[in-house]
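Hi everyone, thanks for coming. Please have a look at the structure on the screen, and we'll walk through it together.

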Amino acid sequence: MKNSLISIFIFLVLISFLFYSDIKFKNLCTETINDCEFLEYGLSSENKEESFQAAMIIFSRLDEQNIIPSIYINHLDYDVLLNEALKLSVYLENDDISESEASLHLLKYSTKHMKELQVPNIENIF
């Protein structure tokens with residue numbers, strides 16, 4: 001009986017961690033996508049200081065909240081997001097608008113793709 005209770009407890013802890021990780025990661029992706037959309041409007045209005053600050057917010061959020069994604073998803077995918085956020089801030093700092101727009105769109109697309117991969121469906125399972 002004791003072994004059964006321990007097994008059930010470990011199973012419940014695992015399931016609760018998975019739900020918590022999924023919610024935290026989806027919130028991180030949603031916040032990143034919203035910041036990317038805000039930054040798209042900032043690039044079109046050419047407010048460089050505000051755009052750079054928004055890029056640094058994206059990078060710092062991805063860098064600070066890396067504990068859950070590094071456990072929950074593939075490291076290479078998350079490293080691509082982090083590298084693109086860093087490239088975006090460097091391009092904005094050097095006033096390279098075309099490269100910053102390309103990096104911004106890649107960051108936004110990668111984030112949306114990773115968020116869609118977390119939805120359980122037949123396509124993601126097989």
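How do the axes of helix H1 and helix H2 cross? This is a predicted model, where local features need pLDDT of at least 70 and side-chain atom pairs count only at pLDDT 80 or more, while totals for chains, interfaces and linings use all residues. Residues are numbered from 1 along each chain as its sequence is written, and side-chain values use heavy atoms, leaving out hydrogens and water.

Back to our pair. The axes of H1 (residues 2-45) and H2 (residues 48-64) cross at roughly 165° and come within 9 Å. Axes here are lines fitted to C-alpha atoms, for helices over the stretch in contact, with angles from 0 to 180 degrees between N-to-C directions. Helices are DSSP runs of H or I, at least four residues, numbered from the N terminus. H1 and H2 are therefore roughly antiparallel, a label for angles over 145 degrees.

Who makes the contact (heavy atoms within 4.5 Å)? H1 supplies residues including Asp35, Cys36 and Leu39, and H2 supplies residues including Ala54, Ile58 and Leu62.

Now follow Ile58. Leaving aside neighbours within four places in sequence, Ile58 is in contact with Thr32, Asp35, Cys36, Leu39, Ala85 and Leu107.

Finally, is Glu84 buried or exposed? Glu84 is found in helix H4, and at 8% relative accessibility Glu84 counts as buried (under 20% relative accessible area, with exposed over 50% and partly exposed in between, using a 1.4 Å probe and protein chains only). Beyond neighbours within four places in sequence, Glu84 is in contact with Ser103, Leu106 and Leu107.

How values were computed. Helix = DSSP H or I, 4+ residues; strand = E, 2+ residues; numbered from the N terminus. Parallel < 35°, antiparallel > 145°, perpendicular 65-115°, else oblique. Contact = heavy atoms within 4.5 Å.
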